[in-house]
Amino acid sequence: MNKMNTTIKRYGIIGFPLKHSFSPYIHNRAFGDLGIKAVYEKIETEPEKFEEKMAELKSGNLSGLNVTIPYKERILRFIDQIDPYAKAIGAVNTIKCHYDRWTGYNTDWAGFLKPIETDLDSIEKCLITGAGGAARAVAFALLKVKRVEFLWIANRTVQRAEKLVRTLKQHGTIEFRTSDLNEAAECGISFDLIVNTTSVGMSGQKEELIIDPQPISKPGTIIYDLIYNPLETPLLQAAAKLNLKTVNGLPMLIFQAEEAFKIWTGRRFNQNTINHLFDKLPELIR
Ligand code: ATR
């Protein structure tokens, strides 16, 4: 190995597929802007090669790793230490590597909260659509950090929502409800925050509205869709017509990356990096 290679730190993202991952773009830009000698690469790994790849990476010279679909849970057994939030969420998306000693973190929950942090005081009644991994990170953020009063989880498969709530109840005593999507749409409650964590409305799928926000919102309700492609899903279009505040998945994409970057380097993205990402990513996403 030449001297150059020993001074450049290596980071990467493991997942499958990774064709559409923007993480390399985000982190390499941030490293460049801060003059940090590091590279961030895609480590696309098919499910049947995952264990083999992990063994190789553990004996390699990585400084940090992001973990994405479908490995955020499967990675847990390769972690030597886990941060309490990642443990509670049951999923790791960021690893800090110290030789073969790996510490797992979850930065999705913090990335989710960042774009609504100035609104948190007025958020008490929340509805989450979906009950998968993304819903779990969002629910934990709302339960453990914000401590909302009331959380309704609506999912196509109600049993999955019930299972999520059983886990959440071990971590906080707020009022919970579960239902399918239709029941939530007709509940008559005006929520302060409605978050879509499902893939309904994502590009490539049929144009579908996960839930009509009109009967379950009031002036001031925030409609938050974790999807960033397209930037304006049918849900956000419906919310905009009602003059509601909307948040798409782009800030969460950028801020969960910044949280990982902070864990690895101890540094934040500089403002130019953030401005650049908000300008450029929409072009790349299209
Ligand atoms: P993620 O980790 O991104 O949350 P996931 O764990 O596969 O992904 O969860 C996907 C979520 O989107 C689930 O809540 C799923 O509902 P089910 O639990 O009923 O499968 C939801 N979802 C996906 N496609 C959907 C559709 N066409 N209509 C309604 N919900 C859908």
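Colleague: How many salt bridges does the count come to?

Modeller: The count comes to 16 salt bridges, each a side-chain nitrogen of Lys or Arg within 4 Å of a carboxyl oxygen of Asp or Glu. Keep in mind that this is a predicted model: local features need pLDDT of at least 70, side-chain atom pairs count only at pLDDT 80 or more, and totals for chains, interfaces and linings use all residues. Residues are numbered from 1 along each chain as its sequence is written, and side-chain values use heavy atoms, with hydrogens and water left out.

Colleague: Which residue meets Glu-51 in a salt bridge?

Modeller: Arg-74, at 3.1 Å from N to O. Glu-51 lies in helix α3 (residues 50–58) and Arg-74 in the loop between β3 (62–67) and β4 (81–82), so the pair ties together parts 23 residues apart in sequence. Helices (H or I, at least four residues) and strands (E, at least two) are DSSP runs, numbered from the N terminus.

Colleague: Is Glu-51 buried or partly exposed?

Modeller: Glu-51 is partly exposed at 30% relative accessibility. Arg-74 is partly exposed too, at 33%. The cut-offs: buried is under 20% relative accessible area, exposed is over 50%, partly exposed is in between (1.4 Å probe, protein chains only).

Colleague: What about Arg-177?

Modeller: Its side chain meets that of Glu-183 in a salt bridge, 3.0 Å from N to O. Arg-177 is partly exposed at 38%, and Glu-183 is partly exposed at 37%.

Colleague: Which residues do shared partners join into one network?

Modeller: Glu-51, Arg-74 and Arg-77.

Colleague: Switching to rings. How many aromatic pairs?

Modeller: The count comes to 14 aromatic pairs. Rings of Phe, Tyr and Trp (its six-membered ring) pair if their centres lie within 6.5 Å; planes under 30 degrees apart are stacked, over 60 edge-to-face, the rest tilted.

Colleague: Why is the Phe-31 and Phe-261 pair tilted?

Modeller: Because the planes are at 40°, with the ring centres 5.1 Å apart. Phe-31 lies in helix α2 (residues 23–34) and Phe-261 in helix α10 (residues 250–265), so the pair ties together parts 230 residues apart in sequence. Phe-31 is buried at 1% relative accessible area, and Phe-261 is buried at 0%.

Colleague: Where do Tyr-40 and Trp-264 lie?

Modeller: They form a tilted pair, 6.1 Å centre to centre and 45° between the planes. Tyr-40 lies in strand β2 (residues 38–44) and Trp-264 in helix α10, so parts 224 residues apart in sequence are tied together. Tyr-40 is buried at 4%, and Trp-264 is buried at 7%.

Colleague: Which residues form the aromatic cluster?

Modeller: Tyr-11, Phe-31, Tyr-40, Phe-261, Trp-264 and Phe-269 form one cluster.
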